[in-house]
Amino acid sequence: MTEHNTNTALPDFHIVIPARYASQRFPQKLMADLGGKPVLQWVYELALKAGAQSVTVATDHPTIQAAAQAFGATVVMTRDDHENGTERLAEVAAVMGWQGDEIVVNVQGDEPFLPLDLIHASVMALNNDKEAQMATVACPIDLQEDFFNPNVVKVVCDEQQRALYFSRSPMPWDRDGFAARLERTGPMPTGLLALRHIGLYVYRASLLARYADLPMSPLERWEKLEQLRFLHQGIKVQVAMADGLPVHGVDTPDDLEKLRQHLVHRLATYVI
């Protein structure tokens, strides 16, 4: 067992960082400079601090491979025809021989400031729910603008904190409350707990081994949300709770510039 800084015992787990070289909105973003080192190196060094049994960079591009090996990362070269990071994760799990209930965390290569507590919370959530095969994270929605924004994915859970559904639509719907209020801005109504999905995923290795055989569901096709493939198959998804949103990752050049400013602020306020 591993222990993190709150002295809560963590089960053994592995971290895989899927690292694509090409990106439609921001090509080669993982190689972009952030405070003197590539974005991917920040993510790798963050993952090393999480206390995992292993940290692996998974890529299909020699430039990523060379850069990752240069800063000391273990790299698995994967096929170049994967449609998403989960497929790449599944290939790595097979190559590494992970099986059964072994826990595998997907840490995106463009999330250099992902809080370690989110990784730990999601790992613990999956470990503590023996019927669940994967876990993810959510946080409360504070603003109605986010609640009605289709780019903000919502999740509703059952009493065991397992996901019932993910959607781009507003949910749960306060039928009487929203009928009485015409505004769609400002704070969320008092008493309505709406949850925003945070895209950190943790899997049991046995589920990754099955992934290639799970067909895309109509729900996934309509909502464009991969996690609905699992719910459609009756796979139980445990949801860990976070207090708020983590610092946004790198999707665009503007995001990178914001992270550079965030880093400057962190260094300026850091007290030794």
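This is a predicted model: local features need pLDDT of at least 70, side-chain atom pairs count only at pLDDT 80 or more; totals for chains, interfaces and linings use all residues.

Q: How many of the ten residues of strand β12 are buried?
A: A residue is called buried when its relative accessible area is under 20%. By that test, nine of the ten residues of strand β12, which covers residues 195-204, are buried. Strand β12 is thus described as mostly covered.

Q: Which way do β8 and β12 run when they pair, and over how many bridges?
A: In a regular strand, side chains alternate between the two faces of the sheet. Here, strand β8 (residues 103-106) pairs with β12 in the antiparallel sense, over four bridges. To place the pairing on the model, find Asn-106, which stands opposite Tyr-201 in β12.

Q: Over how many bridges does β9 pair with β12?
A: Strand β9 (residues 134-140) is joined to β12 over six bridges, again in the antiparallel sense. Within this pairing, Cys-139 faces Arg-196 of β12 as its opposite residue. Strand β10 (residues 154-157) also runs antiparallel to β12, and two bridges join them. Lys-154 has Arg-196 of β12 as its bridge partner.

Q: What is the volume of the largest pocket?
A: Rolling a probe the size of a water molecule over the atoms shows where empty space is left. In this model, the largest pocket has a volume of about 1800 Å³. Its lining comprises 45 residues, and those closest to the pocket centre are Arg-25, Gln-108, Asp-110, Glu-111 and Asp-251.

Q: Which element supplies the largest share of the lining of the largest pocket?
A: Strand β12 supplies the largest share, with six residues. At least two lining residues come from each of α3 (85-96), β12 and α9 (227-232). Sorted by class, the lining holds 17 nonpolar, 14 polar and 14 charged residues.

Q: What lines the second largest pocket?
A: The second largest pocket has a volume of about 250 Å³. Its lining residues include Lys-37, Trp-42, Glu-45, Leu-46 and Lys-49, together with Pro-112, Phe-113 and Arg-266. Helix α1 (residues 39-48) gives the most to this lining, namely three residues. The classes are seven nonpolar, no polar and four charged residues.

Q: Is helix α1 mostly covered or mostly open?
A: Helix α1 is mostly covered, with eight of its ten residues buried. Among them are Val-39, Leu-40, Trp-42 and Leu-46.

Q: How many cavities of 30 Å³ or more are found in the whole structure?
A: A search of the whole structure finds one. The space in this largest cavity is about 30 Å³. Around it lie Thr-86, Met-134, Tyr-201, Tyr-203, Glu-226, Gln-227 and Phe-230. The elements that give two or more residues to this lining are β12 and α9. Four of the lining residues are nonpolar, two are polar and one is charged.

Q: Why does Thr-63 count as partly exposed?
A: Partly exposed lies between the cut-offs of under 20% for buried and over 50% for exposed. Thr-63 counts as partly exposed because its relative accessibility is 35%. Thr-63 belongs to helix α2 (residues 62-70). Between the C-alpha atoms of Thr-63 and Ile-119, 56 residues apart along the chain, the separation is 27 Å.

Q: Which residues is Tyr-165 in contact with, leaving aside neighbours within four places in sequence?
A: Tyr-165, in strand β11 (residues 163-167), is in contact with residues including Lys-154, Val-156, Met-171, Leu-219 and Leu-231. At 24% relative accessibility, Tyr-165 counts as partly exposed. Tyr-165 and Trp-222 lie 57 residues apart in sequence, and their C-alpha atoms are 13 Å apart in space.

Key: Residues are numbered from 1 along each chain as its sequence is written. Side-chain values use heavy atoms; hydrogens and water are left out. Buried means under 20% relative accessible area, exposed over 50%, partly exposed in between (1.4 Å probe, protein chains only). Two strands pair if DSSP finds at least two bridges between them. On a 1 Å grid over the protein atoms alone, a cavity is a set of points where a 1.4 Å probe fits but cannot get out, and a pocket is an open set with protein on both sides within 12 Å along at least five of seven lines; lining residues have an atom within 4 Å of a point. Grid points are joined across faces, edges and corners, and a volume is the space filled by probe spheres set on the points. Ala, Val, Leu, Ile, Met, Phe, Trp, Tyr, Cys and Pro count as nonpolar, Asp, Glu, Lys and Arg as charged, and the others, Gly among them, as polar. Contact means heavy atoms within 4.5 Å.
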